[in-house]
Amino acid sequence: NWPTERPGFRNVEFSETTRTILRYTEGRSVVWQDTNGPRWAMIFLRWAPGRSSVQLARAHGPEICLPAGGAKMKADLGPKPMSVKGVTLPMRGYIFSMRDQPLYVFYCLWEQAPDNSAPTSWQSMTVARRMEAVRAGRRNEGQQVLELAVSNVSGPEEAELAVRRLLEQAVHLQPAT
């Protein structure tokens with residue numbers, strides 16, 4: 001559920017160039033600022049099962065795309081798994097600097113398993129795991145990305161707590177179609 005009731009909530013359209021590069025099936029980007037609090041950006045992208053879904057999803061993480069937009073990566077905070085309604089999302093945390101301000105980014109990439117099992121962890125998306133999936137006859141599953149960026153907070157701990165609260169409100173899990 002997009003937090004449309006938040007102050008200043010607005011859609012941010014992807015440029016034609018971005019749409020051409022990412023080739024996603026479904027995508028949305030929004031921003032807002034909580035009253036006297038954090039500033040937010042949220043992106044959701046989905047690639048339907050298909051020949052290049054894995055490569056497209058994996059090649060466009062924040063460590064690649066944010067520097068292309070002028071941000072400087074300051075730290076990779078590593079895995080930050082976050083439990084939402086009984087499912088652990090394999091989030092990864094980063095700290096970037098944008099216009100000399102810290103930007104805390106939490107990124108989740110997962111593969112839609114055909115049996116609706118839990119999201120695939122980032123660490124398990126290795127070449128060996130991909131080859132194992134090919135041998136098992138599972139290839140080119142759909143991919144999804146959720147990226148949350150928050151600024152105007154006191155540090156990484158406050159950012160992580162704010163993201164956890166937002167996920168509880170915004171994420172609704174539903175079976176794959």
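Is Glu-160 buried or exposed, and what is its relative accessibility? Glu-160 counts as buried because its relative accessibility is 16%; buried means under 20% relative accessible area, exposed means over 50%, and partly exposed lies in between, using a 1.4 Å probe and protein chains only.

Hi everyone! This is a predicted model, where local features need pLDDT of at least 70, side-chain atom pairs count only at pLDDT 80 or more, and totals for chains, interfaces and linings use all residues. Residues are numbered from 1 along each chain as its sequence is written, and side-chain values use heavy atoms, leaving out hydrogens and water.

Today's topic is charged pairs. Side chains of opposite charge can pair when their charged atoms come close. The structure holds eight salt bridges, each a side-chain nitrogen of Lys or Arg within 4 Å of a carboxyl oxygen of Asp or Glu.

Back to Glu-160: its side chain meets that of Lys-80 in a salt bridge, 3.4 Å from N to O. Glu-160 sits in helix H5 (residues 156-170) and Lys-80 in the loop between strands E4 (72-79) and E5 (82-84), 80 residues apart. Helices (H or I, at least four residues) and strands (E, at least two) are DSSP runs, numbered from the N terminus. Lys-80 is partly exposed, at 21%.

Next, please find Glu-168, which forms a salt bridge with Lys-85, closest N and O atoms 3.9 Å apart. Glu-168 is in helix H5 and Lys-85 in the loop between E5 and strand E6 (87-89), so this pair ties together parts 83 residues apart in sequence.

Finally, Asp-34 and Arg-6 form a salt bridge of 3.0 Å, N to O. Both residues are buried, and Glu-5, Arg-6 and Asp-34 are linked in a network of salt bridges.
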